[in-house]
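Below are some exercises, each with a solution you can follow step by step.

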Amino acid sequence: MAKSRSELGQIIHGVARDPLGLMGLIIVGTIVFCAVFAIWIVPYDPVAMNIKDRLQGPSAAHFLGTDQLGRDTFSRVVMGGQVALKVALPAVFGAMAIGLTLGMIAGYGPKWLDNLLMLFFDTIRSFPTVMFALAVVALVGPSLQTVVLVVMATSIPTYGRVARTQTLTLRNSEFILAERSMGASMKRILGVHMLPNIVGVLAVLAAMDIPTVIALEAGLSFLGLGVKPPTPSWGALLKDGYSLIRQTPWLVVGGGLPIILATLGFTFLGESLRDVVDPKLRKQR
Amino acid sequence: MSDTLLEIDRLSVDYETARGDLKALRDISFDVRKGEIVGIVGESGCGKSTLISSILRLTAPNTRFRQGEVRFKGEDLLQLPERKMRNLRGADISIVFQDPMQTHNPVLSIGQQMLDIQHRSKTSKPEKRTRAAKMLGAVGIPDPEARLDQFPHEFSGGMRQRIAIAMALMSEPDLLIADEPTTALDATLEVQIIERLQELQQEFDCAILFISHHLGVIAELCDRVVVMYAGAVVESGEVREIFHDPKHPYTRRLIDCDPGHIKERARVLPTIPGEVPDLANLPGGCIFRDRCDQAMARCASEVPPLAQLKEGHHAACWLNHKEAAE
């Protein structure tokens, strides 16, 4: 166990040495920190209304002003980050786990199973995400879980396809043949030898996918299909700010800036991670 | 029990292709005795690789075993259930592949891989690690304990091949198959690997089936040699016999083509004219007939049998027929 920790340390060290990676690390770290300790950070209850102080600009009392119901925007931005991660992380890791499993089965299993799974992937991919989300939300009503499920379902094929392609390339590689000639079982080949070769690629894909999912959640919330209204979300903030932009610009800033920062941060981190996890590149830096 | 370890008996293997059945191996028979090094020589496409994948039963899905047996310690491997076959691979029979740059998993350290292939052994992790380090030391990797934590790309080609040999010998197999283990390496490394194999063979007392198209290496290393041409055995016997008194025209030409045997300076290296016949549409008679300078009328009509000329020396050529009859 101590060994894998040092390996993780090595990866973090590698990312931190890259300026863009360091920036990504700082941004993502800040977002995660704020999300985890949100309840101690927020100065006000993010859903407490105070009609008296509505639509204020930035002040000492309200860091980013207040919205049309007098709720503190800064508190809502911080809590919104928590909501964004609550959607993005389970959706991306769920999709990655399922996509990886199905993709490896498709790549290593018999031809008919491969065809069946590919048909399944293509069917899902043929739905436009937003339309699919609209349909599901119309059916079961808007909630955090619905958003997670929709995002997960629509991103499984992406991971599945990458995992399948990697498995197909690997299964014909000489070291897998060598492994088979050493009497390794299918379980061992897939679990011990193929998985570490695939998981690195997928992890990078996941890191780059998180901003997409955050933006998607914001988009759905903007359309009123995401999380339910009193719950703060960056998308909902944007939506409120959009209709009130003539009265106060601060809601748009409060909703938009974190989305931009989160997208940039995760993308930088993902790209830097991609360079670092590749053991062939590790030596050269 | 006899001292025969591996016995290939009239093995014929086809590949089903769109053009029809490709007769990759026809009527192959030879054996490997315990602790012996047998070489298989032949040009590219003569079925060497098909032969070893047939022994290990790691063949492509379009492979069909038409006839014959592959007996290992008296048991026909072609009839063995997959589970039993898998337990044999890497334990009793193991293999070293041609390209050392490809045979290791690029994302796992050498140590992780060497520990992993000991999955059958019940020993503890530190014990397995010690054993892995000992094996690395045995193939001449300096500072093995520290190098276990390195990744394949941190080793040179020659080292990687030695590591592959260490891995193959880890389970102390009875039979080691070496599939052109030196082809991808340069000449100096080739000598190193060959010497190392010889030492290790003495130490572990395993039989080696050594596949190569380099006659010099075969002459250096092997006790006996099997010459293959277009999916059939054309000659087999003691190394000394084959090299000093080849009985098949193909063997003779092959030896003439070895640059090590050429005495005078030549602008053009000798070659055997012609091409290997199409294995999907085999011509009748002797397969080497079109390229043979001593072909006779009989060669076109009848396939020459692999006849015993002397104790342990066989050749498939009508030229020897009178000798063979005596």
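A quick note on bookkeeping: residues are numbered from 1 along each chain as its sequence is written, and chains are lettered from A, ligands numbered from 1, in the order in which they are written. This is a predicted model, where local features need pLDDT of at least 70 and side-chain atom pairs count only at pLDDT 80 or more, while totals for chains, interfaces and linings use all residues.

**Exercise 1.** Work out how the radius of gyration of chain B compares with that of a compact globule.

*Solution.* Step one: list the elements. Chain B has 12 helices and 12 strands (DSSP runs numbered from the N terminus; helices are H or I with at least four residues, strands E with at least two). Step two: apply the globule rule, 2.2 Å times the number of residues to the power 0.38, with the radius of gyration taken over C-alpha atoms. For 326 residues a compact globule would come out near 20 Å, and chain B, at 21 Å, agrees. Step four: check burial. Buried residues are 43% of the 326 in chain B (buried means 20 or more other C-beta atoms within 10 Å of its own, exposed 12 or fewer, partly exposed in between, with C-beta atoms placed from the backbone).

**Exercise 2.** Describe how α6(B) and α7(B) are arranged.

*Solution.* Start with the axes, which are lines fitted to C-alpha atoms, for helices over the stretch in contact, with angles from 0 to 180 degrees between N-to-C directions. Those of α6 (residues 157–169) and α7 (residues 187–204) of chain B come within 11 Å and cross at roughly 15 degrees. That makes α6(B) roughly parallel to α7(B) (under 35 degrees is roughly parallel, over 145 roughly antiparallel, 65 to 115 roughly perpendicular, the rest oblique). Last, sort the contact by class: 7 nonpolar, 3 polar and 2 charged residues (Ala, Val, Leu, Ile, Met, Phe, Trp, Tyr, Cys and Pro are nonpolar, Asp, Glu, Lys and Arg charged, and the others, Gly among them, polar).

**Exercise 3.** Now do the pair α4(A) and α9(A).

*Solution.* The axes of α4(A) (residues 73–108) and α9(A) come within 8 Å and cross at roughly 145 degrees. Next, the contact by class: 18 nonpolar, no polar and 2 charged residues.

**Exercise 4.** How many residues of α10(A) are buried, and what covers them?

*Solution.* Count first: 8 of the 10 residues of α10(A) (234–243) are buried, so this helix is largely enclosed by the rest of the structure. Trp234(A) and Leu237(A) are among them. The cover includes α4, α9 and α11 (250–277) of chain A.

**Exercise 5.** Is Pro173(B) buried or exposed?

*Solution.* Locate Pro173(B) in the loop between α6 and β7 (175–179) of chain B. Pro173(B) has 21 other C-beta atoms within 10 Å, so this proline is buried. Then list what Pro173(B) touches, leaving out residues up to four places away in sequence: Ala91(B), Asp92(B), Ile93(B), Ser94(B) and Cys206(B) (contact means C-beta atoms, placed from the backbone, within 7 Å).

**Exercise 6.** How many residues does each chain put into the contact between A and B?

*Solution.* Chain A gives 19 residues and chain B 25. On the side of chain A, α8 (174–181), α9 (186–222) and α12 (279–282) each supply at least two. That side divides into 7 nonpolar, 7 polar and 5 charged residues.

Technical notes: Contact = placed C-beta atoms within 7 Å.
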